[in-house]
Amino acid sequence: MSSIPFPILFILAVFFTFWLILRKFHRLEQKKRALPDLNAYLYANNQTEARCKACDSAELKEEGLTHGKDERRIIACASCNTLLYRFDPPEQED
Ligand SMILES: [Zn+2]
């Protein structure tokens, strides 16, 4: 007879795994939100046209901040995946 029944260990392991995954996503999103905008990025890296600061590739890709259709875009390097800067859509004026 073990002191802790197996199902409880199993449930604890599942919760712990979810917690690790959530923490990872949360950190990634915080990192994305903290990215500079394009002008700040160019200025900080002394560039006139955006290139990857890690591998100097000019091939960039964009993705949504929280999901694919999010209007707040995150620009990352297409070859090494380094997060570079964010692009917020201009505010709608009617
Ligand atoms: Zn790169």
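This report describes the sheet, the zinc site and selected residues of a predicted model.

## Basis of the description

The model is predicted: local features need pLDDT of at least 70, side-chain atom pairs count only at pLDDT 80 or more, and totals for chains, interfaces and linings use all residues. Residues are numbered from 1 along each chain as its sequence is written, and side-chain values use heavy atoms, with hydrogens and water left out.

An open sheet is formed by 3 strands in the order β1-β2-β3, with antiparallel pairing. Strands (E, at least two residues) and helices (H or I, at least four) are DSSP runs numbered from the N terminus, and two strands pair if DSSP finds at least two bridges between them. The edges are held by β1 (60-64) and β3 (83-87); each has a single partner strand, so one side of each lacks a neighbour in the sheet. On average, neighbouring strands are turned by 30° against each other, direction ignored. Axes here are lines fitted to C-alpha atoms, for helices over the stretch in contact, and angles run from 0 to 180 degrees between N-to-C directions.

Strand β2 (residues 73-77) is joined to the antiparallel β3 by 4 bridges. Ile 74 stands opposite Arg 86 in β3. Helix α1 (residues 6-33) packs on this sheet and touches β1, β2 and β3, its direction making about 65° with that of β3. Contact means heavy atoms within 4.5 Å.

Lys 32 belongs to helix α1. With a relative accessibility of 9%, Lys 32 counts as buried; the classes are buried under 20% relative accessible area, exposed over 50%, and partly exposed in between (1.4 Å probe, protein chains only). Leaving aside residues up to four places away in sequence, Lys 32 touches Glu 63, Gly 64, Leu 65, Ile 74, Leu 83 and Arg 86.

## The zinc site

The SG atoms of Cys 52, Cys 55, Cys 77 and Cys 80 coordinate the zinc ion at 2.2 to 2.3 Å. Donors are N, O and S atoms within 2.8 Å of the metal (3.2 Å for Na, K and Ca); water is not among the atoms, so sites may look incomplete. Along the chain, the donors follow the spacing C-x2-C-x21-C-x2-C. Cys 52, in the loop between α2 (38-44) and β1, and Cys 80, in the loop between β2 and β3, are 28 residues apart and link distant parts of the chain.

The site is tetrahedral, with angles of 106 to 117° among its 4 donor atoms; four donors count as tetrahedral if all angles lie between 85 and 135 degrees. Ideal angles for four tetrahedral donors are 109.5 degrees. Cys 52 is buried at 1% relative accessible area, whereas Cys 80 is partly exposed at 32%. The count of disulfides (pairs of cysteine sulfur atoms within 2.5 Å) is 0.

## Positive phi values

Most residues other than glycine have a negative phi. Asp 56, however, has a positive phi near 65°. Asp 56 is located in the loop between α2 and β1 and is partly exposed, with a relative accessible area of 45%.

Asn 81 also has a positive phi, near 70°. Asn 81 lies in the loop between β2 and β3, and its relative accessibility of 49% makes it partly exposed.

Terms used:
Four donors count as tetrahedral if all angles lie between 85 and 135 degrees; four count as square planar and six as octahedral if opposite donors are over 155 degrees apart and all others between 65 and 115; anything else is irregular.
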